[in-house]
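Hi,

Here is the structure I promised to pass on to you.

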Amino acid sequence: MADSTPFLTRSDHSLESLLPPSLDETIERCIGNFNWVQLLQAVLVSFSWFFDGQQTFISVFTDAEPSWHCTNATAGSPCNSISDICKLHKDTWSWDLPAHTSIISEWGLECASSLVKGLPASSFFAGCLISGLLLATLADSSLGRKNMLFFSCLMMSLGALLTVLSPNVWVYSVLRFVNGFGRGTIGTSAIVLSTELVGKRWRGQVGVLGFFCFTFGFLSLPAIAYINEGSSWRTLYLWTSVPAIFYCIIVRFFVHESPRWLFIRGRKEEAVSTLKSMSTAGDGVATMSFSNVNLEQQGTMNADLFSAIKDLVEKPWAFRRLTVVMLTGLGMGTVYYGMPLGLGNLNFNLYLSVTFNALSELPASLVTFFLIKKLGRKSSIIGFTILSGICSILCVVTEKVSGNLQMALELISFFSACTAFDVVLLYTLELFPTCVRNSALSMVRQALVLGGVFSPVLVAAGRTNGLWSFGVFGVAIGLCGLPVLRLPETKGRTLSDTMDEEEKKDKITAAILT
């Protein structure tokens with residue numbers, strides 16, 4: 001089968017010489033070298049990941065279990081540092097900080113079940129999951145990449161702003177669901193749009209820009225939380241939602257739509273106009289001919305809402321690829337979203353542990369940014385997932401040995417998971433053609449989020465036994481990378497634009513290699 005055979009560099013050149021110029025190649029010739037207009041567009045689009053990162057991990061602080069102290073720690077007092085807070089009278093203990101600093105202390109959830117405490121975070125990830133399943137194809141069909149990014153970011157921002165009005169944990173959980181529903185398609189739309197604005201030479205680097213922005217968004221949280229220490233948890237939502245609303249306005253008026261998507265939808269004049277606005281003098285867009293572009297018009301152009309998903313399911317090669325990368329994403333999601341939520345279980349300062357985890361995403365993004373041209377996608381995914389799994393399991397083994405060692409192993413595991421996560425997203429971009437790329441990437445991200453849905457429950461259970469959190473995380477991510485052995489290597493390939501084009505490449509490659 002073609003999918004089980006890696007593409008060879010020699011075969012790629014032979015394959016592409018047998019096909020008419022693709023839209024990817026034509027656009028690259030139109031725009032020319034990577035210029036400042038493309039850079040500005042890529043940065044504007046990728047910055048949505050900054051707010052994505054903030055809303056994804058904001059519950060680490062807003063939903064934290066606050067520290068407390070005894071108010072009458074005299075000899076014979078039932079209150080001491082190892083007492084069960086739920087068995088003490090309210091007059092014998094007090095929170096270290098004002099009650100409004102966390103939803104746990106403000107709403108008296110200290111003795112609630114782990115399901116109730118984890119409900120807001122699980123609701124957020126459930127919203128992300130449902131949003132991805134319901135809205136993913138809109139970016140490939142009617143709305144397009146830019147409008148999908150705008151509406152998703154606006155919904156996420158307004159949901160976060162309304163969260164400050166929550167009177168109890170139930171309303172709070174509903175608004176977190178709305179917040180997650182808006183967030184669900186932001187990363188997908190952003191990475192697809194930014195990479196479709198450039199040719200293959202800079203695609204990997206541009207795709208990684210979003211990962212950097214996500215990291216800085218995550219990293220901004222401990223800084224904002226520290227500045228507002230002692231203030232209401234609602235303040236964090238104000239600090240993160242208001243700037244995001246202003247960002248949505250910028251996206252609406254200054255970001256271009258993907259010329260590739262415009263061509264696929266038959267809007268050739270708009271596509272050419274977009275290319276002209278991004279080109280520099282001498283790029284020759286005005287005189288470039290698109291008449292011989294290898295772009296078979298297919299049902300996707302005038303498709304219904306779920307036609308992209310239908311195409312992915314009906315084509316055996318596409319369904320096989322989608323299934324494998326979704327299984328891989330599911331295992332990664334448990335670690336990528338679960339570990340930051342479980343930092344409160346470690347015997348380490350919460351502000352420092354969150355900062356270290358956020359910082360560990362930076363080298364992960366740097367590794368991907370500088371080595372993406374050299375790294376084989378399959379070998380990178382397998383190597384980093386196995387390393388992450390081993391270190392996560394070792395976190396359980398070293399729990400009573402050393403807090404610092406446990407923290408170091410957790411950082412290595414999280415760094416490896418972040419790097420594998422970055423590579424998987426770029427790999428998915430290259431596996432699927434333009435007409436279904438956004439939908440395929442969104443399905444992979446929803447698999448990641450599905451792992452995140454279960455993470456809060458695992459983290460809560462792991463407070464009494466680390467095997468239920470870091471042990472499960474390690475097994476899940478350690479095994480999830482192995483299925484990619486059945487997929488083709490995509491390093492150095494040009495992007496396909498239609499299902500037929502990708503299928504022809506598979507057939508020609510199979511013929512050449514046999």
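Cys395 is buried, at a relative accessible area of 1% (buried is under 20%, exposed over 50% and partly exposed in between, with a 1.4 Å probe and protein chains only). Before going on: this is a predicted model, where local features need pLDDT of at least 70 and side-chain atom pairs pLDDT 80 or more, while totals for chains, interfaces and linings use all residues. Residues are numbered from 1 along each chain as its sequence is written, and side-chain values use heavy atoms, with hydrogens and water left out.

The sulfur of Cys395 has its closest cysteine sulfur in Cys391, 7.2 Å away, which is too far for a bond. Cys391 is buried as well, at 7%. The whole structure holds one disulfide (a pair of cysteine sulfur atoms within 2.5 Å). Cys86 and Cys111 form this bond, with sulfur atoms 2.1 Å apart. The torsion about their S-S bond is about -120 degrees, so the disulfide is left-handed. Cys86 is partly exposed at 39%, and Cys111 is partly exposed at 43%.

Now to the rings. There are 30 aromatic pairs, counted when ring centres of Phe, Tyr and Trp (its six-membered ring) lie within 6.5 Å; planes under 30 degrees apart are stacked, over 60 edge-to-face and the rest tilted. Phe125 and Tyr337 make a tilted pair, 5.0 Å centre to centre with 55 degrees between the planes. Both Phe125 and Tyr337 are buried. Tyr336 and Phe421 are stacked, at 4.4 Å and 15 degrees. Tyr336 is in helix α16 and Phe421 in helix α19, so this pair ties together parts 85 residues apart in sequence (helices are DSSP runs of H or I with at least four residues, strands runs of E with at least two, numbered from the N terminus). The charged end of Arg445 sits over the ring of Trp49, 5.3 Å from its centre (the cut-offs are NZ of Lys or CZ of Arg within 6 Å of the ring centre and within 35 degrees of the ring normal).

Best wishes
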